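I opened the model today and kept notes as I went. The entries below follow the order in which I looked things up.

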Amino acid sequence: MDISLLIEKSTIVVVLFLITLGIAAYQTLMERKVAAWMQDRVGPDRAGPFGILQPLADGGKMFFKEDFIPKNAERGLFILAPGLAMFTAAMTGAVIPWGPPVEMVGRTIALQVADINIGILYVIGFASIGVYGIMIGGWASNNKFSLFSAIRTSSQMISYELAMGIVIITIVLMSGSLSVATIVEQQHGFWADGYFTWNVFKQPLAFIIFLVTSLAECNRAPFDMAECENELIGGYHTEYSSMKLGFFLFAEYVNLFISAAIIAALFFGGYNFPGMDNFSGITLSILGTLVFFAKTVFFIFVFMWIRWTLPRFRYDQLMHLGWKKLIPLAMINLVITAVVIAFTSGWFSEDKKAAATVEVEQKQPTAVLNNASDSRASGSFRVNLNH
Amino acid sequence: MSGIEILAIVLGGLTVGSALMVVASPHPVRSVLFLILTFFLITGNYVLMNAQFLAIVNIIVYTGAVMVLFLFVLMFLNLSKDNEPRSSMKMKVAATVAGGALMIVIIAALKDVIMLPIDLPVDNQQGLVENLGMLLFTKYVLPFEVSSILFISAMVGAVLLAKREKQIID
């Protein structure tokens with residue numbers, strides 16, 4: 001294995017992990033400040049200037065609280081659950097391209113942990129197993145309210161995953177690739193060929209559906225069925241205390257950060273910004289990364305804004321919205337997109353018919369396969385493994 | 001032995017071990033959790049074979065959806081050792097006979113197996129999504145589309161069952 005590649009990737013992993021934790025910690029402060037601002041209050045301002053040290057104080061407090069495990073809880077699973085929640089939350093960031101590639105000491109460094117060519121499916125995969133932390137935690141607590149919360153959350157997440165998956169298929173159709181890096185690259189700049197390049201302008205409905213489903217996937221208000229306090233005490237983490245509770249809360253903020261980053265990457269051009277062609281090299285990389293983080297922070301703000309504006313949905317309203325509104329809308333959107341693509345650049349378009357007559361010689365599947373594997377499919381995932 | 005072979009053996013051993021734990025563990029919820037672990041390890045095996053698409057689909061479909069429903073139902077029922085339905089002696093004898101018969105059939109089938117040298121084209125790029133899609137939509141297009149009809153009919157059946165129940169209530 002190439003040593004410099006190993007160093008490069010481990011640096012990116014460590015830095016990404018630290019940034020994720022740091023942002024998640026400061027989201028707690030941001031949440032309280034945003035809430036205070038929306039409700040015309042001051043918010044926490046005692047710890048350090050403007051309350052900037054508040055997350056440290058909160059974290060320290062969490063560590064020194066009594067760590068209590070109920071007598072009838074499933075001990076092993078009770079301890080495993082918060083770790084699982086945190087693990088799945090932190091894993092998702094691996095496929096997001098955080099900035100344009102950097103040219104440094106004669107090699108191109110992608111600001112991404114792994115550009116696997118199934119990147120977006122990886123995100124869905126880890127989003128769908130994120131529910132296990134909550135389910136196992138809720139069940140292992142041996143508390144009726146926790147169990148209710150676990151069951152509610154899992155059915156909510158399964159329901160909203162469907163609409164989210166369909167929307168992602170729409171985006172994949174638009175870009176023709178499952179790699180998040182490619183999807184971001186295709187939204188280069190801001191304006192090209194007489195239209196916006198960002199996906200939000202091409203797929204506004206898909207963006208709205210994705211925003212709503214990611215709110216539900218993060219268990220954020222107005223979809224925070226998991227911990228609806230007036231019905232379920234504290235939901236799945238009722239029995240948790242100390243840093244185990246902290247991990248659950250922290251995992252939620254990590255999820256929020258990753259969701260905001262994915263929205264920024266899929267719909268708002270990731271690290272692309274208007275006028276980016278005027279810059280190059282390291283300047284472009286730094287600016288692009290900053291722009292991406294600015295977009296991410298903006299979406300975190302939008303999530304908080306929604307939380308402090310809308311009241312919680314009732315459970316049947318949530319299911320009604322998910323199954324009867326969002327999924328049909330997403331499907332109609334998908335079909336329309338597919339038809340438009342088929343007529344503009346797909347099977348029924350003029351240049352494709354011309355191309356088909358040329359390609360008719362390579363009808364044998366093995367020949368097609370070999371061609372594909374030679375040219376395009378030297379996946380970088382393999383490079384990462386057996387470099 | 002190369003590193004990747006050691007990895008494959010360790011991963012395979014863990015997979016078999018956790019699959020055995022599914023049967024061996026007395027508590028149904030623990031059993032399902034071991035099944036989830038088994039699916040994860042199978043995903044690991046797929047990744048080792050560079051079948052990325054299959055790996056992630058295994059996670060999304062089995063680990064992320066099917067097993068969540070399993071766990072869901074088991075948590076609802078809250079089965080434990082105390083309220084587990086007791087199996088009678090007759091059941092145990094029947095199970096032993098059925099299992100033993102299956103084993104005899106398998107042994108009989110495997111007795112005369114001749115190991116032919118397998119000559120598959122070695123192509124570790126085959127599991128990548130582009131190549132898999134190319135294969136599915138050219139060579140295996142008929143089975144692929146037929147299986148989608150199977151899923152549609154299953155969905156229609158599920159909807160029909162749900163609808164019929166509602167009509168009786170009305």
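**Entry 1: a cysteine in a loop**

I began at A:Cys218. I counted 25 C-beta neighbours inside 10 Å, so A:Cys218 is buried. The model is a predicted one, and I keep that in mind throughout. I placed A:Cys218 in the loop of chain A between α9 (204–217) and α10 (229–232).

Which residues does A:Cys218 touch once its neighbours within four places in sequence are left aside? I found A:Glu252, A:Asn255, A:Leu256 and A:Ser259. I also checked A:Phe303. A:Phe303 is 85 residues from A:Cys218 in sequence, yet the two C-alpha atoms are 10.0 Å apart.

**Entry 2: helix α11 of chain A**

I turned to α11(A), which runs over residues 242–267. How many residues of α11(A) are buried? I get 22 of 26, so I call this helix mostly covered. I then took the span. From first C-alpha to last, α11(A) reaches 38 Å, close to the 38 Å expected at 1.5 Å a residue.

Both ends gave me a note on phi. A:Ser242 belongs to α11(A), and its phi is positive at about 55° although the residue is not a glycine. I count 17 C-beta neighbours inside 10 Å around A:Ser242, which makes it partly exposed. Just after the helix, A:Gly269 has a positive phi of about 75°.

**Entry 3: a valine in α7**

Next I looked up A:Val184, in helix α7 (residues 180–185) of chain A. Is A:Val184 buried or exposed? It is buried, because 26 other C-beta atoms lie within 10 Å.

I listed its contacts, leaving aside neighbours within four places in sequence. They are A:Pro97, A:Ala265, A:Gly270, A:Tyr271 and A:Asn272. A:Phe267 is 83 residues away from A:Val184 along the chain, but the C-alpha separation is 8.6 Å.

**Entry 4: a helix pair in chain A**

I wanted the packing of α4 (residues 119–129) against α6 (residues 144–175) in chain A. The angle comes to about 175°, and the axes are 11 Å apart. The two helices are therefore roughly antiparallel. I noted who makes the contact. From α4(A) come A:Ile120, A:Ile124, A:Ala127 and A:Ser128. From α6(A) come A:Glu161, A:Gly165, A:Ile168 and A:Val172. By class, I have 5 nonpolar, 2 polar and 1 charged.

I also stopped at the loop between α5 (131–140) and α6 of chain A, where A:Asn142 sits. Its phi is near 60°, a positive value in a residue other than glycine. A:Asn142 has 16 C-beta neighbours inside 10 Å, so I log it as partly exposed.

**Entry 5: chain A as a whole**

I count 16 helices and 4 strands. Of its 387 residues, 42% are buried. Among contacts with a separation of 6 or more, 78% join residues 24 or more positions apart.

What does the domain assignment give for chain A? I read off domain 1 (3–318) and domain 2 (360–387). The C-alpha centres of these two domains of chain A lie 34 Å apart.

**Entry 6: chain B**

I moved to chain B. I find 6 helices and 0 strands. Along the sequence the pattern reads α-α-α-α-α-α. Buried residues come to 17% of the 170 in chain B. For contacts with a separation of 6 or more, residues 24 or more positions apart account for 59%.

I checked α1 (residues 3–24) of chain B. Its 22 residues should span 32 Å at 1.5 Å a residue, and the end C-alpha atoms are 31 Å apart, which agrees. How many of the 22 residues of α1(B) are buried? The count is 1, so α1(B) goes down as hardly covered.

My last stop was B:Phe76, in helix α3 (residues 52–77) of chain B. B:Phe76 is exposed, because 10 other C-beta atoms lie within 10 Å. I took one distance from B:Phe76. B:Glu130 is 54 residues apart from it along the chain, and their C-alpha atoms are separated by 41 Å.

Note on methods: Residues numbered from 1 in each chain as written. Chains lettered and ligands numbered in written order. Predicted model: local features only at pLDDT ≥ 70, side-chain atom pairs only at ≥ 80, totals over all residues. Axes fitted to C-alpha atoms, helices over the stretch in contact; angles between N-to-C directions. Parallel < 35°, antiparallel > 145°, perpendicular 65-115°, else oblique. Contact = placed C-beta atoms within 7 Å. Nonpolar A, V, L, I, M, F, W, Y, C, P; charged D, E, K, R; others polar. Buried ≥ 20, exposed ≤ 12 C-beta atoms within 10 Å, placed from the backbone. Domains from an automatic or database assignment. Expected span 1.5 Å × (residues − 1).
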